[in-house]
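I opened the model today to look up a few residues and helix contacts, and I kept the entries in the order in which I looked.

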Amino acid sequence: AAQDDGARELDPLGFGILAHEALRLLKKHPALEDVEKIRGLLLTELDRLARQRFGSRPSMAILVQLESLRQRLGAAAGILAAAVRDGWRIISAEETFEAELDGMRLRARLDRIDRHVEDGRIRILDYKTADAGEDPGPTHYQPRKHKWLDLQLPLYRYLYERSHPKTVVSAGYFNLPKAVTDTRIAEFQFQARDGTDLFPASVAAAQEVIAAIRARLFWPPVAQPADQDGFALIFAGDPPLIGKVSSP
């Protein structure tokens, strides 16, 4: 395989891609719950990918980044093992799903899908490698204003349910932050504190966005954070619906 030993430093997207590629290996070991074995598999795969991509003499900057990723994957091993002990089994990695909503085609590649061995419920997880871990609640929804800031996880659920009806689906982030003690799975709570099911409202918000796009209404713009994860929801259609959306 070709080697790219000229790269001096990984940008956030490249860092995230490398993490995703290493974690994809776990699909081959869905029932593995030994922390050390999981850690060994992930770190060995990371070393293989690094040699393939950067050669035998990567820059000092890349060596530092690889060490940071090693620490994050090492911490993730404990969370992954606990998930297996809790009954979760990975069934899909980096799989693309497509569906239509109000005549617009939506497409996304889902990082990880788990199924629970006891009741068959599904959990969709999006790997996040930003330095600071994220809580999907405030990044998606402002309850006091009843305002949607991001529809990524609700639409992941929508896409999966279109091809798997009558399935109980949850979605969340698998945070792999710089502070490895904060490594965790954080699920988005589709049920509000007052008992309201937020999922129908999220789909309605997406429908409002689609209607606005068809009407050529693109104001006000939504600022994109500089460190936004490179694996945000991707939509393909005519015209496209972007992952960072809010209801009018």
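Is D102 buried, partly exposed or exposed? I found D102 partly exposed, with a relative accessible area of 44%, where buried means under 20% relative accessible area, exposed means over 50% and partly exposed lies in between, with a 1.4 Å probe and protein chains only.

**Ground rules**

I noted that this is a predicted model, in which local features need pLDDT of at least 70 and side-chain atom pairs count only at pLDDT 80 or more, while totals for chains, interfaces and linings use all residues. Residues are numbered from 1 along each chain as its sequence is written, and side-chain values use heavy atoms, with hydrogens and water left out.

**Positive phi**

I stayed with D102, which sits in the loop between β1 and β2 (104-116), and I read its phi as near 50°, a positive value in a residue other than glycine. For these element names I used DSSP runs numbered from the N terminus, with helices being H or I over at least four residues and strands being E over at least two. I then turned to R216, in the segment after α6 (198-214), where phi is near 60° and again positive in a residue other than glycine. R216 is exposed, with a relative accessible area of 60%.

**The chain as a whole**

I counted six helices and seven strands in the secondary structure of the protein chain, and along the sequence they follow the pattern α-α-α-β-β-β-α-β-β-α-β-β-α. The protein chain has 248 residues, of which 46% count as buried. Taking the contacts with a separation of 6 or more, I noted that 71% are between residues 24 or more positions apart, contact meaning heavy atoms within 4.5 Å.

**Helix α1 against α2**

How do the axes of α1 and α2 lie? I found that the axes of α1 and helix α2 (residues 35-54) come within 9 Å and cross at roughly 130°; axes are lines fitted to C-alpha atoms, for helices over the stretch in contact, and angles run from 0 to 180 degrees between N-to-C directions. The two helices are therefore oblique to each other, since angles under 35 degrees count as roughly parallel, over 145 as roughly antiparallel, 65 to 115 as roughly perpendicular and the rest as oblique. The crossing of α1 and α2 is right-handed, a term that applies if the near helix is turned clockwise from the far one by less than a right angle, with anticlockwise giving left-handed. On the α1 side I listed I17, L18, E21, A22 and L23, which meet L42, E45, L46, L49, R53 and F54 in α2. By class this contact has eight nonpolar, no polar and three charged residues, with Ala, Val, Leu, Ile, Met, Phe, Trp, Tyr, Cys and Pro counted as nonpolar, Asp, Glu, Lys and Arg as charged, and the others, Gly among them, as polar.

**Helix α1 against α3**

I next looked at helix α1 (residues 12-23) and helix α3 (residues 60-85), which pack at an angle of about 40° with their axes 11 Å apart. That angle makes α1 oblique to α3, and α1 passes α3 in a right-handed crossing. In this contact F15, L18, A19, A22 and L23 of α1 meet Q65, L66, S68, L69, R72, L73 and L80 of α3. I recorded nine nonpolar, two polar and one charged residues there.

E94 is in strand β1 (residues 88-101) and counts as buried at 13% relative accessibility. A polar contact of 3.3 Å joins the side chains of E94 and R109; such a contact is a pair of N or O atoms within 3.5 Å, and within protein one must be able to donate a hydrogen and the other to accept it, while residues adjacent in sequence count only if both atoms are side-chain atoms. Leaving aside neighbours within four places in sequence, I found E94 in contact with H20, R24, R109, L110 and D111.

E100 is also found in strand β1, but E100 is exposed, with a relative accessible area of 53%. I saw that E100 and Y158 are 58 residues apart in sequence and 9.7 Å apart in space, C-alpha to C-alpha.
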